[in-house]
Amino acid sequence: MMPELSKPLMEIRNVTRVFGGLKALENVSFNVPRGAICGLIGPNGAGKTTLINMISGLGPLSDGAILLDGQLISGLAPHKIAARGVGRTFQNIRLFGDLSVLENVILGHHLRQRGTLIETLLRLPRSRSSERDSRSAALELLVSLGMEHLANVQARALSYGDQRRVEIARALALGPSLLLLDEPAAGMNSTETDGLCEFLLSLRESSLTILIIEHDMDMIMRMSDLVVVLNFGLKIAEGPPDFVRNEPHVIEAYLGSEQ
Amino acid sequence: MPEFVSNNISTINFILINIALGLSIYITLATGLLSLSNAGFMAIGAYTVAIISTQSNIPFSVGLVMAIALGVALALPIGMLVLGLRDIYLAIATLGFGEIVRIIALNGDKVVHLFSQNKELIIFNGAEGITLTYKTPTVILGLPDTTWPILIYVMVIIYILATLHNSRFGRILASIRQDETAASTLGVNVVHYKLLAFVLGSAIAAGAGALSAPIVRVIDPHNYVFSRGVDILAYAVLGGMTHWVGPILGATVLTSLPEALRFLKDQRDIVNGLIIMLSIIYLPAGLADPRIWGLFKRLVSFPKREQVS
């Protein structure tokens, strides 16, 4: 059955997350349309990373529900959510430092790898051809990011900006329908940020939906189709960039009120 | 049989057994699991073979397969129970399993008497253990027929680990060791692969225990005490945990060192301990540290460079 194109890809419904007595998120609801780039912004401690962690299954919801393609994903284990097509990166880069760049990206591809333990041990054709396919798919991704020359470098030896890009490549290798990016431009210079913007916009052409947390306002306003603003766990605004930019609540949250 | 081999056959046997044991703990360490149940699974393997050969006419090779199968059958439920624990908690839980196995072996006959009509039946023989009858090994192609199976077993394990190392399985286990949260967001079923590593390690240890039975000959609970588990861990720590070559080097050095230091007589244990301490302090990444191999390669290639210039 074809998914309805008018239906949102992801629905966040009344999501609440309580840590001890603190409400990190309170009754947050919004939809992410299919094929959109959705910016998630807000001051530090607003609950942005908490929300992304809950979408990817890394923390339980205290209340509410998260739906992907109309199906409930909140409550599933992280690896099952990944298998439904949710890829992500982390604010504090979490590459596998001991492995090479190529191996990191191939790991993202592992759900599509074939060959049982026995087939692998006997070096049967199915596991070998699957390994070759994954290798070339991973290399292709690195080429699209202009990083093929770094394929055999240990991930921990890369520069900060390169590590961020490898993490995105690893998430893309999963073949996700939804990509969650937690501050992908942090620590990048303006040239690298411009390159990243271009690359992310090119991904939208291939019908990928992106939810992106970013502190670089220029980048968010330039790329997003939709911006959601959180402050102290509450959603205070939602709409197209131009609308959100002029919303009094948002200005107050970022600059403080006049009183 | 060459003279060196025949003079040192017992040491060679134990080196091979200990290599297998070192490799059995390596696979769990490579997955980031500090599991110390290997001595327990070794005991299960040894007792299985010892009981089968004293109580029945089943051949040794079938006993070996049964020992490995029993190891797998026990590792599955134990793994499901304890693999939710991390780090030191996992170490303590698996250590506890090893002690349970040892105590069951010590009191096995009481358990047997609960279910058996014959109250005089002795199978486990408590602290004295099971003594296997000695058969003079026949020499085939320069090695005794007790050594061949162990050598082949070690080769098979090395093949398995080397193949896994370069496959998606090795990559997945390494990703769990480095960051299991990140691995799970890539779709890796962390629990599933941890269980795979634990069962593989346990099966290898059970097989090593079974193969050690004809060499040790007296299978008593004291062989499988806490310190046996620590010895096995030491093979991997001294040799290095980043590559399967590590535990091979570690087991070889730690098993042959006491023999090589025999001339020191009473001071042997002190010097032995000192060597281990110094190598762990100065070689924290183990004997298989890539830097050592780099240094070795440079030393070997030096004369060639001089010839060129």
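**A walk through chains A and B**

In this predicted model, the buried residues of helix α12 of chain B are covered by elements that include α2 (9–29) and α11 (226–239) of chain B. Those buried residues of α12(B) are G246(B), P247(B), I248(B), L249(B), G250(B), A251(B), L254(B) and T255(B).

The largest nonpolar core has 152 residues, among which V105(A), A20(B) and M42(B) touch the most other members. Helix α10 of chain B, residues 190–216, gives this core its largest share, 13 residues. If residues up to four places away in sequence are left aside, A20(B) touches Y153(B), V154(B), I157(B), I204(B) and A208(B).

Next comes the place where the chains meet, a contact that takes 28 residues from chain A and 19 residues from chain B. On the side of chain A that touches chain B, the elements giving two or more residues are α2 (78–83), α3 (101–108), α4 (117–121) and α5 (125–144) of chain A, and the residues of this side divide into 13 nonpolar, 8 polar and 7 charged.

Chain A also contains an open sheet of 4 strands, in the order β2-β1-β4-β5 with antiparallel pairing. Strands β2 (22–32) and β5 (71–72) of chain A stand at the edges with a single partner strand each, so one side of each has no neighbour in the sheet. Within the sheet, β1 (residues 10–19) and β4 (residues 63–68) of chain A run antiparallel and are joined by 5 bridges, and M10(A) stands opposite L68(A) in β4(A).

Note on methods. Residues numbered from 1 in each chain as written. Chains lettered and ligands numbered in written order. Predicted model: local features only at pLDDT ≥ 70, side-chain atom pairs only at ≥ 80, totals over all residues. Buried ≥ 20, exposed ≤ 12 C-beta atoms within 10 Å, placed from the backbone. Contact = placed C-beta atoms within 7 Å. Nonpolar A, V, L, I, M, F, W, Y, C, P; charged D, E, K, R; others polar. Core = buried A, V, L, I, M, F, W, Y, C linked by C-beta atoms within 7 Å. Pairing = 2+ DSSP bridges.
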